[in-house]
Amino acid sequence: MLVSASFDGTLKIWDAKKHQEIHTLRGHKGEIYSVAVSSDTKRIISGGQDMIMRLWCFHTGELLSCFEGHSDPINSLTLTSEKFQAVSGSSDDSFRVWNLDTSAHLKQDRSRGHSESVIAIAVTHDGSRCVTASFDGFFKVWMCENKKECFTLKDPKGYPENVAISADDRHVVSLSSDSLSCSIKVWDLLDGNQISGIELDNKAGLVRFSTDGRLVIIGCEDERVVIWDWQNYDKKRVVTLPSSFTTFAEIACEGNIIYTCSRNMKVCQIDLGSLEVSAVRQGPYPNCTPVVVLPDGKTVLFLSLAYSGLAKWTLSFNSVFVYEAGT
């Protein structure tokens with residue numbers, strides 16, 4: 001099953017094997033900016049322009065609940081893996097932690113630790129902590145249960161762009177940038193101390209930890225991927241991707257392989273051992289917006305602007321199927 005969200009205010013659930021639309025979820029009164037699916041594939045959350053987070057049944061498409069409280073659009077959403085909770089970040093300079101099993105969200109106050117829009121959120125796998133990034137120049141670490149602020153992570157280099165948490169929930173990597181360069185830092189998630197950091201003389205848009213957490217993968221805007229061994233401080237390797245590789249849309253890691261996807265639908269595979277770039281594919285719709293690169297690197301899901309539907313691009317066969325929407 002697949003889920004897609006659209007600027008037309010709807011979500012759609014698809015049967016990936018049969019290439020059929022199953023449900024259209026209607027209820028939002030504006031563009032949808034973020035969507036997430038629970039790890040047990042039973043629930044969907046969505047949020048966007050209308051400032052309301054909605055909870056849906058994955059299997060029936062039924063609207064289960066509406067979570068109101070933000071006073072500006074919701075920019076980012078994420079679900080915890082172990083606890084049935086959601087975290088939302090908004091342009092009202094706040095984030096909220098919602099208990100999806102009860103009505104406790106009705107009594108929760110939003111957490112205002114930022115003075116400008118919250119643009120990105122990362123949550124630990126156990127759901128105990130989250131990290132927010134804001135246009136106010138700060139990254140903050142919070143306890144999800146009581147919304148207590150644990151630490152403020154300040155990188156004096158520019159403004160926050162992206163944030164990610166390692167698979168073992170011990171470290172967080174932050175990306176900040178100005179008009180010409182960027183700064184990447186790794187922090188201890190338990191005490192808020194900076195462990196390591198580097199600066200690059202070009203801009204970047206994405207940071208991700210490798211599968212084992214030993215490396216940080218940085219997607220830069222000059223057709224380069226920087227692979228940083230953060231435990232050895234300044235030790236880094238640089239891979240130059242084929243020309244015309246534009247802004248990074250997503251980076252996925254599986255074992256010793258990195259998969260990158262650009263906004264112009266160019267996908268590259270990088271071997272972390274040899275740094276060899278291979279399996280380069282050019283998508284058939286260069287003006288589309290990629291949704292995600294699946295973890296195995298074999299499939300890219302994206303929104304086809306030409307056909308107004310979700311599309312699945314299978315790299316091994318270089319074939320594309322467009323899930324055309326019904327009524």
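Strands, like helices, are taken here as DSSP runs numbered from the N terminus, with at least two residues in state E for a strand and at least four in H or I for a helix. By this rule, N99 belongs to strand β10, which covers residues 95-99. The model is a predicted one, in which local features need pLDDT of at least 70 and side-chain atom pairs count only at pLDDT 80 or more, while totals for chains, interfaces and linings use all residues. Residues are numbered from 1 along each chain as its sequence is written, and side-chain values use heavy atoms, with hydrogens and water left out.

The exposed surface comes to about 14500 Å², of which 47% is supplied by carbon and sulfur atoms; accessible areas come from the Shrake-Rupley method with a 1.4 Å probe, and for residues only the protein chains shown count as cover. Where contacts (heavy atoms within 4.5 Å) link residues at least 6 apart in sequence, 36% of them join residues at least 24 apart.

Back to β10 and its surroundings. Strands β8, β9 and β10 form, in that order, an open sheet of 3 strands with antiparallel pairing, where two strands pair if DSSP finds at least two bridges between them. Its edge strands, each pairing on one side only, are β8 (74-79) and β10. On average, neighbouring strands of this sheet are turned by 20° against each other, direction ignored; the axes are lines fitted to C-alpha atoms, for helices over the stretch in contact, and angles run from 0 to 180 degrees between N-to-C directions. Strand β9 (residues 85-90) is joined to β10 by 5 bridges, and the two run antiparallel. N99 lies 12 residues from V87 in sequence, and their C-alpha atoms are 9.2 Å apart in space.

A further open sheet is built from 4 strands in the order β4-β5-β6-β7, with antiparallel pairing. Here the edge strands are β4 (32-37) and β7 (63-67), each of which pairs on one side only. Neighbouring strands in this sheet are turned against each other by 20° on average, direction ignored. Between β4 and the antiparallel strand β5 (residues 43-48) there are 5 bridges, and S34 stands opposite G47 in β5.
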